[in-house]
Amino acid sequence: MKLCDMLCLVKNEFKYEKKEWIVNVVLHILIFSCTFFVFSLAMSMNGMGDNYLKKMYKDGYTFFLNGYTEKNETELEDMGFYNLHFDGTRGSGTLDEIDSIWTKKIKATITGKDIWNEDIDEFILMLGLFEVIFVMLAILMIFLSINNLSNSFAMKLIRRNKFILMLSVLGYKKRQIKGLYYTFFCTRNVISLLISCGVNISVIKISNTYIGETLRINSGIQILDIIEVIGIFVCIETLMWASFRKVWNRNNENN
């Protein structure tokens, strides 16, 4: 099958049952937009929390460093601590921001040490919990998207069964027919992705305006960069291809 023939067949699929694929594209725009927005929230929680706390801790955050000694001074400085003081196996140090505090805490815990501040640790814990919840919600939305696509695959192959048999009779290989429908669904996903990126940017700008006016902080929700968006999309496409193969094989077994 030549590329031009493939594109013509894909174009014809868009002419067939327009309402069905338009509804699915709208649904995936919503799912992708929510996924990107929740991922953006997860990646921005520490930054927004840090900006909010800085109104009360303008001179930085002082943490107790249990298990650290003067031998660890260089390591702590590399982590961003300054004003370091040690007393045996306990010390203290100051950080200018808490944006990456969980990385430091986890690293300290793994080595049997502890970094804590009794005044803001509960707030940091809350930020961490929200971050985990948002990431889990985003992953759930991705699987929801794949499940919806899987059902859409199955219905499409059932409705186009006679057309697929006709292509087989005309000499098209199963691999070519499968590529045709995968290209069709992939194109739909790209359309959904591009529109959802625009929707997500608009929603984040509106949200940041509201956050700035309500909480009086400069740091808002960060828009995902192009690499992060591509990474999420590649993940979705990989799962979609695996789902499509499963549905395709099951459909062929039934026929």
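1. The count comes to 16 aromatic pairs in this predicted model. Rings of Phe, Tyr and Trp (its six-membered ring) pair if their centres lie within 6.5 Å. Planes under 30 degrees apart count as stacked, over 60 as edge-to-face, and the rest as tilted.

2. Take Phe14 and Trp21. Their pair is edge-to-face, with 5.0 Å centre to centre and 85 degrees between the planes. Phe14 and Trp21 are both buried. Buried means under 20% relative accessible area, exposed over 50%, and partly exposed in between (1.4 Å probe, protein chains only).

3. Phe153 and Phe185 also pair. Their ring centres are 4.4 Å apart and their planes stand at 90 degrees, so this pair is edge-to-face. Phe153 lies in helix α5 (residues 121-159) and Phe185 in helix α7 (residues 174-215), so the pair ties together parts 32 residues apart in sequence. Helices (H or I, at least four residues) are DSSP runs, numbered from the N terminus. Phe153 is buried, at 0% relative accessible area. Phe185 is buried too, at 1% relative accessibility.

4. Ring pairs link a cluster: Phe14, Trp21, Phe153, Tyr182, Phe184, Phe185, Trp241, Phe244 and Trp248.

5. Charges also meet rings. The charged end of Lys113 sits over the ring of Tyr68, 5.4 Å from its centre. The charged end of Arg160 sits over the ring of Phe163, 4.3 Å from its centre. Here NZ of Lys or CZ of Arg must be within 6 Å of the ring centre and within 35 degrees of the ring normal.

6. On the basis: local features need pLDDT of at least 70, side-chain atom pairs count only at pLDDT 80 or more, and totals for chains, interfaces and linings use all residues. Residues are numbered from 1 along each chain as its sequence is written, and side-chain values use heavy atoms, with hydrogens and water left out.

Definitions and conventions:
Helix = DSSP H or I, 4+ residues; strand = E, 2+ residues; numbered from the N terminus.
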